[in-house]
Amino acid sequence: MASVLRFRKLCYVESAVKCTSVGYESFEIDEKLDKKEEDVLSANNFALEINKKRKQPKRQPKEWRCLDSCCWIIGYLCTTWWLLLFFYHCLPVTLLRVPELPGPGVRLKREGLTALHPVVLVPGIVTGGLELWEGRPCADGLFRKRLWGGGSFTQIFKRPLCLLEHLSLHYETGLDPQGIRVRAVPGLVGADYFAPGYFVWAVLIENLAKIGYEGKNLHMAAYDWRLSFQNTEIRDHALTRLKSKIELMYISNGYKKVVAVPHSMGVIYFLHFLKWVETPPPMGGGGGPGWCAKHIKAVMNIGPAFLGVPKAVSNLFSAEGKDVSYIRAMAPGVFDSEILGLQTFERVMRMARTWDSIVSLLPKGGEVIWGNMDRSPEEGHVCDFSKKSHSKTSLTTNNVNNSDVKRGFLVKDLANYGRIISFGKPASVLHSSKLPTADSKEYSRTSTSENFNNFSCGEAWTEYDEMSRQSIQNVAADKAYTTTTLLDLLRFVAPKMMRRAEAHFSHGIAENLDDPKYNHYKYWSNPLETKLSDAPDMEIYCMYGVGIPTERSYVYKLSPNSRCKSIPYQIDNSVHGEDGSCLKGGVYFADGDESVPVLSAGFMCAKGWRGRTRFNPSGIATYIREYRHKPPTSLMEGRGIESGSHVDIMGNFALIEDIMRVAAGATGDEIGGDQIHSDIIKMSERINLGL
Amino acid sequence: MSFLRRSNGADSSKTRVGDPNIEKDGAADDDKKKDQCKIPQRRNYGSKKWSCWDNCCWFIGFICSIWWFCLFLYNTMPDSIPQFVTMAITGPLPDPPGVKLRKEGLTANHPVVLVPGVVTGGLELWEGRHCAEGLLGKRLWGGSFGEFYKRPLCWLEHISLDNDTGFDPPGIRVRPVTGLVAADYFATGYFVWAVVIANLAHIGYEEKSLYMAAYDWRLSFQNTEIRDQSLTRIKSNIELLVATHGGKKVVVLPHSMGVQYFLHFMKWVETPAPRGGGGGPDWCAKHIKAIMNIGAPFLGSPKSIALHFSIEVRDIAALRAQAPGLLDKDVLGLQTFKHLMRMFRTWDATFSMIPKGGETIWGGLDWSPETETVNNSAKKGTDNSTRNTGGNGNICDTKGVNYGRLISFSKDWAETHSSKIERVDFKHVAKGDKLMNSSNCDIWLEYHEMGNRAIKAVADHKVYTAGSILDLLHYVAPKLMARGASHFSYGIADDLDDPKYDQYKYWSNPLETKLPNAPDMEIYSLYGVGLPTERGYIYKVAPPSDCSIPFQIDTSVDGDSEDSCLKGGVFSGDGDETVPIISAGFMCAKGWRGKTRFNPSGIRTYNREYKHAPPANLLEGRGTQSGSHVDLLGNFALIEDVLRVAAGATGEDIGGDRVYSDIFKWSERINIKL
């Protein structure tokens, strides 16, 4: 029965694809209802299915009868279905709706909160919708239709290659390819739902609406998240538009300052904006040095990727994340099969590498922040997320097992998070002195091009195709990379991409912030290379989930197949640590919200900007609000009202309440100041950064 | 439905794969007995005479299968095939203007602002009563009307405004949808601006250089600013567009009521704060290149009178005559008309469409600008003979039609010369002679407060012109008109410098405001001609009943001849089906032409008419040469004009005036001080 159901589910996806095409929207509704009715019908169906199964073998002897029976069964099912559908529609609307959990909006409204400060929402990477304004012939009829996000991804299923082509940017310029214009979907619809039923901002918007927010004091700063931040201004005037919108809201809401709520990558986008707006034209927005102080009350960063995310590394390096590599291990053929000409990974990687924005998410701050070969700020982190009480015992056993690499009295199996990429498990655990100390830069690219001629693959897809076998192996021979050497590695394997992207982003730490070179826009989105604006009354919040294992570093291996146009590296998901180890399926996990480690989300608010530092010369108040992840207790809760995961946290009632209170006028101290569950303060202390 | 196919497909593939599933076999065994019982039965008599029920099932199944099969084929078909088929039938289609002009080398130049009209803009729910739970952010108006057809009363409650304030009722917030999606399609597949946007995109426009000035079209114009700051937003967005396009001025495309809204905006923006936008006296000159008014009801539309008076227009009246019971049914508790009327009357914006300029513009009892004054031929030496021979451009035989009488009670009164009509003044007839059981009516209408005597008095007045129609409306709906009169005015200014004209209620009336001081600006009036347009009505008193609307269009009245202008109780004139030519064209043809007192800086005006041609075949959809009020937005000639101006052309470049109708002749007949 279970397998039957699973099989049916597969077919369901297929039929969904077929049905929900042009103009057949009603089918979508039907399908939704479908799901609900499934359980009700399953018993009914089962009998019928068996009937059918028994009849189908008879197809040979009596052709017409079998056909008739089929028709009869279909008719019967249809009628039953329609009847049920009819009843469903006849029922009063209130009766069937899932009893909604009273959101914080309702409660706070009863408390008497009303809309006060206008709110600007800044979506993150991937969640914003993109629509087509001009395309190649293969995208005929998709004018102003969503290519990405929002509605359904039907079109992606229908013509995947066409869509990939349209979503890619130009590899050299990082802007649109010739003849293609794909633009961000403006307005609240731009990022309220990512896919049908998968909310992003919708819950927050709904709750804000309850206390009186509406179009005029709620704005979604949609931007094209594929572009580098300065390019959104150059191509779309996105920053100018945001500035004008904020000024307009400030004026039309009775000179009330704006509360900005950026999410994920939107956080560094907004950081870029804050710097841009006060910089004189032509590079900046010319708002003058007091602009932020005048217009912005608070920046409430949700799941902030201030210092980057390690996920971006694996994404750029081999187009994988932990889930993808897991699937790959389960069904090795599916994604790689050449028969269908799919080569999904290669195509996805080719697309992702044209997106400058991913480079903005590479870990920033180098070894100072993310740790070097032998130490990292998270050191001593216990990974047994499910059962904390057992951690002590498991640690000691590990200690014994790994006695060969024991170093003094320290617990040694703890992950060397600093090695963000290591080739093979030994490389990830051995002490650095025992590792070969080769430098990838030694292998010059000139020698690779000679070898390249030996086996030509025609059109080069990714820059891996331009590398020789030898240099690919040399990279792997290097064994382990820290955040600093990682950048060298990426520059080596994808020189063109890094050259393009590094004109827009920088990943270092500033020695002297007054150096005039830091006026360049490429430093604006790196909190370690810019000063916050002079706005002492502003508040900065870091709000993020904790308690979910988050990818922190990877164990890689050389990809077994060596054919053309393939990615030569992949995560070695056969590597597992012992019980309670942080290593699972080739990925070291740390605490975080599933995408952003605590370190990246919390460090700036915990230490980098806390008090008056050189990064925060005017002493803007910072608050850390952590939300411990609790999985949804029942199915009714959907994705959970106490979730701490990167996107689902936008439906976390505690977080929504905090945002609403601040939007209604509260300060950080009034909502309770810091709220910390993780070791972020301790971790920050370990980071030795001149402030 | 897909569910069925799914289970179907699952099953067949299951058997094909044929992997023996233990669980399933076990279950199948259980069912074997049942089947054994069933199957022999069917063998016995099932093959020969199926029961009716079986036949039904078979039939439905058969239809469904074929339908799914077709659907499957349709969906797997490459997108180019329908185009190919169309091409095969109609021959090569002309390039859409965007593609054509792009080949000519036109590119996006001036940013474009679109101002939607009444009804076409989308509205969405931000806060609602209990009955609308779960519909937050859903469209109440426009789009698919999805969720709301199930709860019509709830919908009516939310879409109505407060009858006293003209704002939202407490606890309900319905707001305009913003962005291009607000009015690209009205309902699924029914385009409004979509074609214009698509063609603009062909020559390089995109989101950043297009702006849809969405506003709540139910509210009076000034109230959109008070509640939503809509005017401030438009101002800020236009300034932003000009700034991000290197100082290039915007081209504004208002449609329908948007025309008046933008007129209001231009006056508002130059008025100093706090009453206005404080943009300074040269704001329009600095920011606006051209205003291309599409289907412009500058002087209102007679349709709005019928809507206000009895919530009918030609089509509805005809429908009502066909099936008298259907819409009025009290049995089902529908009372559609009364509900609609109540909703409609709460919308202040509809007052803006009441004919402006009174008898001077719309004609008096015995003359109107559109007709030759046969009885009183002293006016001009026009020769009837040429008119009759060359009158092929006319919709109908206008001879002897008194268009000036917007409402007449019975056909006789519509035709008799004014000297023979005795009119009884109705204004002094006291109301309050209440119908005995009007308290039973659960729907509040001001008609219920009138009483029989008042209704009779109204009917006894016999004919109403554009001037007296206002008195009539004031009489039958005093509260409503009091609210409307504080936001709109319908007169003609004697002295435009009178300080009273600084008040915002005059701003949307072109006959009571001066255009801004912007000599480089251009004003276009683009409208369709060649369609019968409602111009006057014949009413009757409805058979008395407790709670109904006491007046109805008398659909039984038809003209004497074939091509008479009177059909089904409605006098038709030339226009675009909604706005008569006189309203759309007069200001640009005469009122603002040259330096007049309404246009002191001499802004150039152009009249561009588009002759209606019905779509040649079904494949063209709503036609590429349509002249009807909304379909005009898909007219290729109009789009081409718009694109050329947006790309930098002036009015002279695109050919100046283009006139098919007699608008210039008619304008001459209108005797107005300029």
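Helices and strands are DSSP runs, numbered from the N terminus, and the close-up views below use these numbers for a model that is predicted.

View 1. Once neighbours within four places in sequence are set aside, the residues in contact with A:Q675 are A:I624, A:R625, A:E626 and A:Y627. One of these, A:R625, is joined to A:Q675 by a polar contact between the two side chains, at 3.1 Å. Another, A:E626, is 49 residues from A:Q675 in sequence, yet their C-alpha atoms are 5.7 Å apart in space.

**View 2. Strand β9 of chain A and its pairing with β8 and β12.** Strand β9, which spans residues 296–302 of chain A, is largely enclosed by the rest of the structure, because seven of its seven residues are buried. Strand β8 (residues 258–262) of chain A pairs with β9(A) in the parallel sense, over three bridges, and within this pairing A:V259 has A:A298 of β9(A) as its bridge partner. Strand β12 (residues 539–546) of chain A also runs parallel to β9(A), and the two are joined by five bridges; here A:V299 has A:I540 of β12(A) as its bridge partner. In a regular strand, side chains alternate between the two faces of the sheet.

**View 3. The buried residue A:D572 and its contacts.** A:D572 is placed in the loop between β14 (569–571) and β15 (583–584) of chain A. Its relative accessibility is 11%, so A:D572 counts as buried, the cut-off for that term being under 20%. The side chain of A:D572 makes a polar contact with the side chain of A:S574, at 2.7 Å. Leaving out residues up to four places away in sequence, A:D572 touches A:V555, A:Y556 and A:K557, and also A:G585 and A:G586.

**View 4. Residues 52–74 of chain B, a segment annotated in UniProt.** According to an unreviewed UniProt entry, residues 52–74 of chain B carry the annotation "transmembrane region".

Terms used: Residues numbered from 1 in each chain as written. Chains lettered and ligands numbered in written order. Predicted model: local features only at pLDDT ≥ 70, side-chain atom pairs only at ≥ 80, totals over all residues. Heavy atoms only, no water. Contact = heavy atoms within 4.5 Å. Polar contact = N/O pair within 3.5 Å; in protein donor to acceptor, adjacent residues only side chain to side chain. UniProt positions renumbered as here; feature names shortened; annotations may be inferred. Buried < 20%, exposed > 50% of the residue type's maximum accessible area, 1.4 Å probe, protein only. Helix = DSSP H or I, 4+ residues; strand = E, 2+ residues; numbered from the N terminus. Pairing = 2+ DSSP bridges.
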